[in-house]
Amino acid sequence: MITCSGFQINPLKIEEAAMLSHLMLENRERFSLYFPGTLAENISEEKSRQFIDQAAQKMKSKEQFLYGIFVDGIVIGLIYIKDLNWSIKEGEFAYCIGEKYTGKGWITEAVKALSSLAFTKLDLERLKIIAHKTNTPSIRVAEKCGFAFVETLKNEFTPPGKQPMDMELYLLKK
């Protein structure tokens with residue numbers, strides 16, 4: 001467990017499936033553009049149980065690291081270290097937080113805490129954040145955490161039923 005000011009970061013447990021599903025459904029519209037897969041995998045408590053079980057397996061195999069962000073024992077957001085490339089020691093952050101918990105700096109603090117963990121415990125050397133230019137909160141997180149803008153990635157992300165979108169790449173080196 002990582003304790004930050006006002007919240008904790010932990011791997012999710014099966015018994016937190018109902019809370020995770022509730023978070024996703026309560027923020028369905030908010031998460032539908034950039035987290036369509038995670039949203040689809042958490043539309044019920046049973047699906048969330050499967051999702052959490054798969055996340056635990058991926059953590060064991062070091063394929064992906066998924067953490068819940070908790071306030072008073074309630075899941076309020078998720079943060080991933082994903083798309084790991086162990087040969088170049090690189091990973092990518094992805095994160096989401098419930099609407100009523102935004103604006104408190106918690107995602108920024110979570111990214112800083114997990115960046116430290118990624119560099120010291122996972123031995124990664126580079127971390128990425130990829131965000132759309134209109135997602136100013138995510139871009140602010142990247143900048144506040146010391147990530148530097150690298151380039152615009154053309155047609156990097158295609159939301160379900162939409163046209164491909166250019167995304168901004170930010171990088172933090174150890």
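Contact here means heavy atoms within 4.5 Å. The model is predicted: local features need pLDDT of at least 70 and side-chain atom pairs count only at pLDDT 80 or more, while totals for chains, interfaces and linings use all residues. Residues are numbered from 1 along each chain as its sequence is written, and side-chain values use heavy atoms, with hydrogens and water left out.

Ser115 lies in helix H5 (residues 106-120). Helices (H or I, at least four residues) and strands (E, at least two) are DSSP runs, numbered from the N terminus. Ser115 is buried, at a relative accessible area of 5%; buried means under 20%, exposed over 50% and partly exposed in between (1.4 Å probe, protein chains only). Residues up to four places away in sequence aside, Ser115 contacts Phe93, Leu127, Phe147 and Leu172.

Helix H1 (residues 17-26) buries Ala17, Leu20, Ser21, Leu23 and Met24. These buried residues fall within an arc of 160° seen down the axis of H1, so they line one face of the helix. The arc is taken from the directions from the helix axis to the C-beta atoms. Their cover includes helices H2 (28-31), H3 (36-40) and H4 (45-60), and also S4.

S4 (residues 74-85) pairs with S3 (residues 65-71) in the antiparallel sense over 7 bridges. Pairing requires at least two DSSP bridges between two strands. Leu66 stands opposite Tyr80 in S4. The S3 and S4 hairpin has 2 residues between the strands, and Asp72 takes a positive phi near 50°.

S4 also runs antiparallel to S5 (residues 90-97), joined by 7 bridges. Here Tyr80 stands opposite Ala94. This hairpin has 4 residues between its strands; Lys89 in the turn has a positive phi of about 55°.
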